[in-house]
Amino acid sequence: MGPPRRKVLATAEETMFPPDELAQGHLIARAIKATGNNIYSVELPSKESVLVELPARFRSTIWIKRGSYVVIDTNALEGRDNKLKGEIVNIVRDEKAWRKAPFWPKEFAKQAVVVADDSDEEDESNVGKMPSSDESDA
């Protein structure tokens with residue numbers, strides 16, 4: 001049986017809006033992949049890849065997709081002697097609001113998609129098109 005609905009809604013509401021400022025030791029990171037057992041591989045703004053743990057309050061409540069952003073606490077697991085470099089303390093759900101915050105890393109700036117302009121080429125692909133009516137059947 002899952003957690004009570006009020007607990008799920010409270011966790012979801014808590015992660016919806018960005019804080020006024022990040023606490024000491026908190027960093028925004030991009031999720032690369034889930035490695036298993038609530039351990040995630042994330043990329044820091046310095047392009048370093050580290051392993052972080054998802055705490056119990058987020059498990060089975062909010063899912064993390066590849067490429068989404070999380071806030072990690074690098075001081076949370078200092079005493080442990082293992083490969084984990086931190087713990088996820090918040091999940092960026094409303095990315096647009098978070099990007100407006102002053103603490104958003106410039107390394108994670110939204111990249112503009114460049115569309116190649118091929119208007120000078122007259123050749124169009126015939127894939128998926130019906131043959132023209134003036135073509136004769138041979």
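## Basis of the model

The model is predicted, and local features need pLDDT of at least 70, side-chain atom pairs count only at pLDDT 80 or more, while totals for chains, interfaces and linings use all residues. Residues are numbered from 1 along each chain as its sequence is written, and side-chain values use heavy atoms, with hydrogens and water left out.

## Overall fold

The protein chain has two helices and five strands. Here helices (H or I, at least four residues) and strands (E, at least two) are DSSP runs, numbered from the N terminus. Read from the N terminus, the order of elements is α-β-β-β-β-β-α.

## Strand pairing

Two strands pair if DSSP finds at least two bridges between them. Strand β2 (residues 39–43) pairs with strand β3 (residues 49–53) in the antiparallel sense, over five bridges. In this pair, S41 stands opposite L51 of β3. The hairpin of β2 and β3 has five residues between the strands, and K47 there takes a positive phi near 70°.

Strand β3 is also joined to strand β5 (residues 84–91), by three bridges, and these two run parallel. L51 stands opposite L84 in β5.

## Burial, contacts and surface

Of the 138 residues of the protein chain, 30% count as buried, meaning under 20% relative accessible area (1.4 Å probe, protein chains only). Among contacts (heavy atoms within 4.5 Å) between residues at least 6 apart in sequence, 59% join residues at least 24 apart.

The protein chain exposes about 10400 Å², by the Shrake-Rupley method with a 1.4 Å probe. Carbon and sulfur atoms supply 49% of that area.

Definitions and conventions: Buried means under 20% relative accessible area, exposed over 50%, partly exposed in between (1.4 Å probe, protein chains only).
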